[in-house]
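Trainee: I am new to this one. Please show me the structure, and then let me ask about it piece by piece.

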Amino acid sequence: MLTEEVRLRIRHSFAAVVWPDVDVVVMYLNRLYEEPNWSVSPDSIGPIRLKGEPLSIPYRVYLLEPEPDRVSALSDIQQLILSAILSRSHNGFVREKCVGELLQSDESWIPPFVLQVVGEYVLPIIRLVEDHSAVLKRSEYRGFVIENPAFFQLLKQRIVSYWN
């Protein structure tokens with residue numbers, strides 16, 4: 001079973017407006033993985049804010065990706081939330097797949113999940129984001145960057161350090 005601490009860490013990765021759906025996804029994952037075989041890292045990608053609301057997104061999530069037929073019971077928004085959670089996966093292939101799914105959506109809470117991976121040195125994921133660079137020009141992304149200048153500065157520093 002998932003500890004209350006981990007459940008709250010996952011919940012506070014998202015804007016409060018989607019917490020009911022986040023709770024459904026977490027309960028679903030709890031039933032899917034009855035053993036305590038998934039966890040989150042103690043560190044976060046932040047501090048970040050989304051429209052004034054503080055978020056605390058775990059740097060890594062240690063969770064196996066559920067089989068596609070096992071997530072079909074989730075609504076579209078819940079599947080997107082699952083993709084956001086898994087975009088922090090310890091498995092780079094899972095992160096890449098999930099970031100690709102996030103790039104297809106214009107939900108206002110997605111930018112921190114997508115932008116974080118740009119600062120991680122995983123070339124296939126960076127190329128994926130680059131292929132969808134028009135998405136990064138959306139107002140949701142601009143607003144997030146303006147609201148989080150320190151996060152964006154750190155992101156730029158990481159990118160520069162990887163390529164120098």
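Trainee: Is F14 buried or exposed?

Mentor: First, a word on the source. This is a predicted model, in which local features need pLDDT of at least 70, side-chain atom pairs count only at pLDDT 80 or more, and totals for chains, interfaces and linings use all residues. Residues are numbered from 1 along each chain as its sequence is written, and side-chain values use heavy atoms, with hydrogens and water left out. Buried means under 20% relative accessible area, exposed over 50%, and partly exposed in between (1.4 Å probe, protein chains only). F14 has a relative accessible area of 1%, so F14 is buried.

Trainee: What kind of pair do the rings of F14 and W109 form?

Mentor: Rings of Phe, Tyr and Trp (its six-membered ring) pair if their centres lie within 6.5 Å; planes under 30 degrees apart count as stacked, over 60 as edge-to-face and the rest as tilted. The centres of F14 and W109 are 5.4 Å apart. Their planes meet at 70°, so the pair is edge-to-face.

Trainee: How many residues apart are F14 and W109?

Mentor: Helices (H or I, at least four residues) and strands (E, at least two) are DSSP runs, numbered from the N terminus. F14 lies in the loop between helix 1 (4-11) and helix 2 (19-32). W109 lies in the loop between helix 4 (92-102) and helix 5. The pair links distant parts of the chain, 95 residues apart.

Trainee: Which residues do ring pairs link into a cluster with F14?

Mentor: The structure holds 4 aromatic pairs. W109 is buried, at 2% relative accessibility. Ring pairs join F14 into a cluster with W109 and F113.

Trainee: Which residues have a charged end over the ring of Y59?

Mentor: A charge sits over a ring if NZ of Lys or CZ of Arg is within 6 Å of the ring centre and within 35 degrees of the ring normal. One is 4.5 Å from the centre of the Y59 ring: R60. Another lies over the face of Y59, at 5.4 Å from the ring centre: R88.

Trainee: Why is helix 5 called roughly perpendicular to helix 7?

Mentor: Axes are lines fitted to C-alpha atoms, for helices over the stretch in contact, and angles run from 0 to 180 degrees between N-to-C directions. Angles under 35 degrees count as roughly parallel, over 145 as roughly antiparallel, 65 to 115 as roughly perpendicular and the rest as oblique. Helix 5 (residues 111-118) and helix 7 (residues 139-147) have their axes 10 Å apart and pack at an angle of about 70°. That angle makes helix 5 and helix 7 roughly perpendicular.

Trainee: Which residues of helix 7 make the contact with helix 5?

Mentor: Contact means heavy atoms within 4.5 Å. Helix 5 brings P111, P112, V114 and L115. Helix 7 brings E140, Y141, F144 and V145.

Trainee: How many charged residues does the contact of helix 5 with helix 7 have?

Mentor: Ala, Val, Leu, Ile, Met, Phe, Trp, Tyr, Cys and Pro count as nonpolar, Asp, Glu, Lys and Arg as charged, and the others, Gly among them, as polar. The contact has 7 nonpolar residues and no polar ones. Its charged residues number 1.

Trainee: How many of the 11 residues of helix 3 are buried?

Mentor: Among the buried ones are L80 and S83. The buried residues pack against helix 1, helix 2, strand 4, helix 4 and helix 5. Helix 3 is largely enclosed by the rest of the structure, because its buried residues number 8.

Trainee: Which residues does E101 touch, not counting those up to four places away in sequence?

Mentor: E101 is found in helix 4. E101 is partly exposed, with a relative accessible area of 31%. On that count, E101 touches L80 and S83.

Trainee: What is the relative accessible area of S87?

Mentor: S87 lies in the loop between helix 3 and helix 4. Leaving out residues up to four places away in sequence, S87 touches R95, C98, V99, L102, F113 and V117. S87 is buried, and its relative accessible area is 0%.

Trainee: What is the phi of K51?

Mentor: K51 is found in the loop between strand 2 (48-50) and strand 3 (53-55). K51 is exposed, at 67% relative accessible area. K51 is not a glycine, yet its phi is positive, about 55°.
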